Amino acid sequence: MRCFTFIFLTLLLSVSAYADPAAERLEMGRQLVELMGYRESYERSGSMCTRPEGSNWDPKKLVEMNPNQLGGITPKSVYWPRVEAAFKAYRLSLCRVWSADSMLDFLASNFANRLSKQELRAAITFYSSLEGRSLQYVVIGLTQETMMRMESAVAVSSPAYKEYASELQRIASDFQKNPK
């Protein structure tokens with residue numbers, strides 16, 4: 001019986017010593033993503049989805065920047081609620097694609113697949129240091145700027161944008177026929 005117990009414990013310890021390396025690297029990838037500050041960046045971008053006021057997702061800001069952007073329609077127009085509804089539908093369709101969790105999972109799995117355990121450990125050590133945290137703040141700012149550029153580029157080429165642009169043209173046409 002002792003021999004069986006010894007063999008069982010030896011096997012158990014050897015199995016746990018060789019834990020799934022892919023799962024371990026994925027967990028390290030998740031830790032690296034957190035240390036690098038990506039969550040904060042993506043959640044900040046996501047907050048524009050839920051609270052667009054004053055952001056590039058706010059139709060009022062578009063009109064402030066370019067009064068002719070919406071064919072002359074302003075927030076004082078009776079057509080403005082239609083503009084807001086079209087803009088909201090467009091914004092929400094894009095925001096479903098750009099969720100923070102899906103982007104963070106994408107990054108973590110890519111770090112895990114593209115870096116060795118040693119490289120992941122070294123990166124985690126670096127981003128845990130004072131210098132790494134300093135770099136993290138720069139990365140957050142650059143990531144935010146990059147996200148805004150990407151969102152603008154993708155937004156203009158998406159089917160949701162085409163629907164949004166068509167709806168705005170219908171609203172502008174109604175406004176031109178009967179300015180209110």
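The term pLDDT denotes the predictor's confidence in each residue, on a scale from 0 to 100. It is needed here at the outset, as this is a predicted model. Within the protein chain, the mean confidence is lowest in helix α1 (residues 2–17), at 43, and highest in helix α7 (residues 117–128), at 96. Averaged over the protein chain, pLDDT is 79, and 79% of the residues score at least 70.

Over residues 3–18, pLDDT stays under 50. For this stretch the model has zero contacts beyond four places in sequence.

Two individual residues may now be located. Gln136 is part of helix α8 (residues 130–157). Is Gln136 buried or exposed? Its relative accessible area is 12%, and Gln136 is therefore buried, since the limit for that class is under 20%. Apart from neighbours within four places in sequence, Gln136 has contacts with Leu35, Met36 and Gly37.

Phe106 belongs to helix α6 (residues 100–114). Because its relative accessibility is 48%, Phe106 counts as partly exposed. Although Phe106 and Gly29 stand 77 residues apart in sequence, their C-alpha atoms are 10.0 Å apart in space.

The charged side chains provide a further way into the structure. The count of salt bridges comes to seven. One of them is formed by Glu167 and Arg82, whose closest N and O atoms are 4.0 Å apart. This pair links distant parts of the chain, with Glu167 in helix α9 (residues 159–177) and Arg82 in helix α5 (residues 80–97), 85 residues apart. Arg82 is partly exposed, because its relative accessible area is 32%.

Arg82 also forms a salt bridge with Asp174, and here the closest N and O atoms are 2.8 Å apart. Asp174, at 26% relative accessibility, counts as partly exposed.

Glu167 in turn forms a salt bridge with Arg170, with 2.7 Å between the closest N and O atoms. Glu167 and Arg170 are separated by about one helical turn, because they are three residues apart in helix α9. Arg170 has a relative accessibility of 40% and so counts as partly exposed. Through salt bridges that share partners, Arg82, Glu167, Arg170 and Asp174 are joined into one network.

Conventions:
Residues are numbered from 1 along each chain as its sequence is written. This is a predicted model: local features need pLDDT of at least 70, side-chain atom pairs count only at pLDDT 80 or more; totals for chains, interfaces and linings use all residues. Side-chain values use heavy atoms; hydrogens and water are left out. Helices (H or I, at least four residues) and strands (E, at least two) are DSSP runs, numbered from the N terminus. Contact means heavy atoms within 4.5 Å. Buried means under 20% relative accessible area, exposed over 50%, partly exposed in between (1.4 Å probe, protein chains only).
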